[in-house]
Amino acid sequence: MRAVRIVTGMGLLAALLVPAQATAEPVAPRPLNLVLDGRSFTLDDAFAILGGRPVAARIAPSAQATMARTRAGALAALKDGQRVYGWNQALGPLKDRPLTPEQAEQFQRNVLRSHAAGVGEPLRDDVARLALIVKANQMARGRYGVRPDVPQRLLALVNAGVVPLMPQIGSLGTGDLQPQAAAGLAAIGEEAPVRYGGEEGPASALLPKAGLPAGFTLQAGEALPIVSGSTVVAALLMDAVRRATVLAGQAEGALALFMEATRAEQGALDARTHKERHIPEENAVAARLRAMVAGSGWMTEEGRKRLDPEHYEPRVQDAVSVRAAPHILAGLRHELADARRTLVREANSATSNPLVFRKKQGAGYEFVMGGNWDASIMGHLADSMNAEIADVAVLSQELSGRLLSPRWSYGLPPNLAGGTPGLNSGMVQAQTVAAALIPELQVRATPAGTLSRPVKDGQEDHNTMAMASARHLHENLDRLEVVLAVQYLMAAQGIDLIAEKMAGLPLGPAARALHAELRRHVAPLGADRYLTPDLERVVALVRGGRLLPPGAPLP
């Protein structure tokens, strides 16, 4: 199985480590060479950046030429007398205050200084890099009126390995404002903090160490496009799609392992049932599950008889949590597909305000004020994904809970206890770890996108709250990792406890592979023992994408 590296946002159980296996000397990945033109950025590019691949990015020559023409047209429009927000007019509630050409450079610095008011944990380094690259790609479309030098300065930071510390708290999803203002201050060489070569300090001190000019001067209209737009939300949502895709596959694998342990009916996976629902993602999930349990001797009448042949009665059907599991898991896949389409579009769109276009009639360019920075669609997508993540976690917790009960698990030892139940309490408290996280997941899945607040003297009277949606989504992805780990740990224990009675009957291919991988790191539970290390090891496996079943889609 291919391992996928996932770095968590919230840091839940972040110190977990799995002993390294002896491997060959790793080969350094080839740099990702990006030529940005504002049209061609892909999610594969984004996932490579999020996976830690080195990046060398530049603006395409054709895009530079387009940007230069637009810049000249924008300056001509100003000279002709057009009054423009953020160019020769102030911002927000002060939008009606005019600015003189002599104030332009100072205004650019002031915009970044005043907007860099965020607090809290900074974005992960790879997310920050991605946000800067997406911002540069959007600038390359030639709609912002900035010189090509501006996106190339942002890319110079990325190429040199300089990472601005971009705080997560402060943005309402109405533009990038606080986080990108911090990056903008770093780019112009002010005191905003950056990381470089393992050192953290002010950009003014670390940029020269990275071989970059210490300062960079923004000209009229070039600060606002840095902070206007939704590139930070886009980068966070791309990261969430990447993480959730890996977890969706592992949720399917955990279900297959559960079905083997409980000798479930395979009828719920019948292709005819799912084809009748006309949901492509559901058909795909069911097909993968059928492949995972193909050839299982456990999930047959013979397998179900083995635990108590004298009192066996045919099982009519399993509980809803088993029969409807393909539908529930397909819900997450459906949202991921929608998010992918949206994010490709977002990365290759101009999302600032104002934008510069050729005039509809006559020669020259004109500024058009609008709301392209709005992140409501991405914010609502994050909320919808979060609802699906919470539902998958609830399902997983219900399945692990069923494994504790001999009645609900069809004969597994009570509490999955090894040795003598009663003298040994088994895994009941491991299961409550998952149960304890469910209300936290459900609270964080409340859609922040419905909680708009008016700010800035009514000038921004509707806000998407998309940053809150994205942050809550990542926090719940962290929690889902733990909930799935509990299910994996318990399902593997259920298989081991009845393996002797099932002798001669094969497990399906996915269960065999997943069980073997788990047992490389965690021994079966006999007599009660300290369980925290066991659970931590399995969380680390899930977090590292090590329990992806064969055939699971990768990001």
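## Overall dimensions

The model is predicted: local features need pLDDT of at least 70, side-chain atom pairs count only at pLDDT 80 or more, and totals for chains, interfaces and linings use all residues. Residues are numbered from 1 along each chain as its sequence is written, and side-chain values use heavy atoms, with hydrogens and water left out.

The chain contains 19 helices and nine strands; helices (H or I, at least four residues) and strands (E, at least two) are DSSP runs, numbered from the N terminus. Its radius of gyration is 27 Å, close to the 24 Å from the globule rule for 555 residues, so the chain is as compact as a globular protein of that length. The radius is taken over C-alpha atoms, and the rule is 2.2 Å times the number of residues to the power 0.38. Along the principal axes, the C-alpha atoms fill a box of roughly 95 × 50 × 40 Å.

## Burial and contacts

Of the 555 residues in the chain, 55% are buried. Buried means under 20% relative accessible area, exposed over 50%, and partly exposed in between (1.4 Å probe, protein chains only). A contact is a case of heavy atoms within 4.5 Å. Among contacts between residues at least 6 apart in sequence, 78% join residues at least 24 apart.

## Strands and sheets

Strands S4, S6 and S7 form an open sheet in the order S4-S6-S7, with antiparallel pairing. S4 (163–164) and S7 (199–202) are the edge strands, each with a single partner, so one side of each has no neighbour in the sheet. Strands count as paired if DSSP finds at least two bridges between them. Two bridges join S4 to S6 (residues 193–196), and Val 163 has Arg 195 in S6 as its bridge partner.

Strand S1 (residues 32–36) runs parallel to S2 (residues 55–59), joined by five bridges. On S1, Leu 32, Leu 34 and Leu 36 make up the covered face, while Asn 33 and Val 35 make up the uncovered one. Val 35 stands opposite Arg 58 in S2.

Gly 120 belongs to strand S3 (residues 119–122). Gly 120 is partly exposed, at 47% relative accessible area. Not counting residues up to four places away in sequence, Gly 120 touches Pro 167 and Ile 169.

## Backbone exceptions

Most residues other than glycine have a negative phi, and most peptide bonds are trans. Leu 177, in helix H6 (residues 177–187), has a positive phi near 25 degrees. Leu 177 is buried, with a relative accessible area of 13%. Arg 263 also has a positive phi, about 50 degrees, and lies in the loop between helix H9 (231–261) and helix H10 (271–275). At 1% relative accessibility, Arg 263 counts as buried.

The peptide bond from Asn 353 to Pro 354 is cis, with omega near 0 degrees. Pro 354 sits in the loop between helix H14 (325–347) and strand S8 (355–358).

## A charge over a ring

Arg 315 lies over the face of Tyr 410, at 3.5 Å from the ring centre. A charge sits over a ring if NZ of Lys or CZ of Arg is within 6 Å of the ring centre and within 35 degrees of the ring normal.
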